[in-house]
Amino acid sequence: MIAVLAISSLSEPAFAQEVSPTEPFGERDTYYPNTEALGKDEMRVIACGTGMPTTRAAQAAACFLVELGNGDKFIFDIGSGSAERISSLQIPYDYLDKVFIGHLHADHFGSLAELWIGGALMGRQKPLRVWGPSGPSEELGTAAAIEALKMVYRWDLAGRVGLVDFRGYDLQVNEFDYKGENAVVYEEDGVTIRSWPAIHSLDGPVSFGLEWNGLKFVFSSDTYPNNWFNEYAKDADLAIHECFVAVPSLVAKMGFTPEQALLVGTQIHTAPEAFGKVMSEIEPRMAVAYHFFKDFDTTAEVYSRIRTTYEGPLSLAEDFMVWNITEDEIRVRLAVVEEATWAPPLTGEAQPPGGDADREAFSDSSGVAVEDMIYSDFILGGSWDGVEDALRGVYKEAEEKLGQTFPYPGDE
Ligand SMILES: [Zn+2]
Ligand SMILES: [Zn+2]
């Protein structure tokens, strides 16, 4: 039995669609990752974090994934909590090897180590590449931060090297001058990414613009409204700009003093009213506001404040909001994702563990002695022989199932 369902929206005339009690009835307002191809002229942007430095389950901190019809994917900021949003999209990690960081606040790069190390474990077979700005001094730049991060995780890496395919644990950094004004920081395969200065906290922060195939995506990261953004973000197809928690909510919900709320909410960040001014200036096809806790009792407050200064197309971002952008249309949906994520498929053949050769290479780059990358006799002396029978059984099971020989460690 076929009924007719009429669907209408404000922007499009009503249309009819066939409906059946047993057949799927086609497109709705949700996006299911890994179920639809990206058109060759299409850009898809997914919010993998839209929140604040104070973590919450409902919203990770700043992170936007840009996917292009030529197969390229770029991550802009990777704030605290965002790595698990990324993983729930089930994208092979070899495709997620380029991260652009606007500034070094935790809510903009706090999840980098998770993508780096977790991504390698989940199948990335190539280095993770990071782009980020210089700072007011060398030690405040992205390169110094990444080197320090590698040092923080030295023990982690020293315990893995030799035992796993180590290619994905390589973390590479490309630091560029934060003072570049619309300067090209990446140019490959028809994709150009530019940066310009942002005004936020200290010298160093930048905003980004990505141009490909006649489409333009811009991302402010964090900034006070500025002339650079007004100039270089002009006429973007999708313009993502921070829009901070409104000052009254900073006082009522975050416990700020009025003085602190006014300073942080209007001078360090972009207040909703100022966000609207910026968007009226650059006139994007779609303005995207992020960097506020979007709740039942804050959404209207932010929205009405933006609307005092901007009347154009607007998305109030939340995690998993999806924008499909073509020359003709910008379609906005929410992704429905699988939270219990396992590793997505590999794009290339896995390499067996590199053993001592990998340990020696890691020793050269990290300064860790090779003999410290394996157990000492002291620790080995504590291992319990009583489990060996049970574990030999697992090897035997594998041998029987696969018709192959797997020597038990220590046996020759
Ligand atoms: Zn910040
Ligand atoms: Zn921030």
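In which loop is the place of Ser88? In this predicted model, Ser88 falls in the loop that connects helix 1 (82-87) with strand 7 (98-100).

The protein chain comprises 412 residues, of which 38% count as buried. Its secondary structure amounts to 13 helices and 18 strands. Along the principal axes, the C-alpha trace of the protein chain extends over about 75 × 70 × 45 Å. Two domains are assigned, domain 1 covering residues 29-335 and domain 2 covering residues 379-412. The centres of these domains, taken over C-alpha atoms, are separated by 46 Å. Among the contacts in the protein chain with a sequence separation of 6 or more, 65% involve residues 24 or more positions apart.

When residues up to four places away in sequence are not counted, Ser88 touches Val337, Glu338, Glu339 and Thr341. By contrast, a distance of 35 Å, C-alpha to C-alpha, lies between Ser88 and Gly180, which are 92 residues apart in sequence. Gln90 is also found in the loop between helix 1 and strand 7. With 15 other C-beta atoms within 10 Å, Gln90 is partly exposed. The backbone of Gln90 has a phi near 60°, a positive value in a residue other than glycine. Most residues other than glycine have a negative phi.

A positive phi near 60° is likewise found at Asn182, again in a residue other than glycine. Asn182 belongs to the loop between strand 9 (171-176) and strand 10 (183-188). Glu188 is placed in strand 10. Glu188 is exposed as well, because 9 other C-beta atoms lie within 10 Å. Between Glu188 and Val302 the sequence separation is 114 residues, and the C-alpha to C-alpha distance is 38 Å.

Helix 3 (residues 112-121) contributes a set of buried residues, namely Leu112, Leu115, Trp116, Ile117, Gly119 and Ala120. After helix 3 comes Gly123, with a positive phi near 115°. Leu128 lies in strand 8 (residues 128-133) and is buried, with 24 other C-beta atoms within 10 Å. Leaving aside neighbours within four places in sequence, the contacts of Leu128 are with Asp97, Val99, Leu115, Trp116, Gly119 and Leu171. For the pair Leu128 and Trp116, twelve residues apart in sequence, the C-alpha to C-alpha distance is 6.4 Å.

Helix 9 (residues 272-282) and helix 10 (residues 299-306) pack at an angle of about 45°, and their axes are 7 Å apart. Helix 9 is therefore oblique to helix 10. The crossing of these two helices is right-handed. On the side of helix 9, the contact involves Pro272, Glu273, Phe275 and Gly276, which meet Val302, Arg305 and Ile306 in helix 10. The residues of this contact divide into four nonpolar, one polar and two charged.

Ala274 is also found in helix 9. With 21 other C-beta atoms within 10 Å, Ala274 is buried, as the threshold for a buried residue is 20 or more. The C-alpha atoms of Ala274 and Trp196 are separated by 19 Å, the two residues being 78 residues apart along the chain.

Methods
Residues are numbered from 1 along each chain as its sequence is written. Chains are lettered from A and ligands numbered from 1 in the order in which they are written. This is a predicted model: local features need pLDDT of at least 70, side-chain atom pairs count only at pLDDT 80 or more; totals for chains, interfaces and linings use all residues. Axes are lines fitted to C-alpha atoms, for helices over the stretch in contact, and angles run from 0 to 180 degrees between N-to-C directions. Helices (H or I, at least four residues) and strands (E, at least two) are DSSP runs, numbered from the N terminus. Angles under 35 degrees count as roughly parallel, over 145 as roughly antiparallel, 65 to 115 as roughly perpendicular and the rest as oblique. A crossing is left-handed if the near helix is turned anticlockwise from the far one by less than a right angle, and right-handed if clockwise. Two residues are in contact if their C-beta atoms, placed from the backbone, lie within 7 Å. Ala, Val, Leu, Ile, Met, Phe, Trp, Tyr, Cys and Pro count as nonpolar, Asp, Glu, Lys and Arg as charged, and the others, Gly among them, as polar. A residue is buried if 20 or more other C-beta atoms lie within 10 Å of its own, exposed if 12 or fewer, and partly exposed in between; C-beta atoms are placed from the backbone. Domain bounds come from an automatic or database domain assignment.
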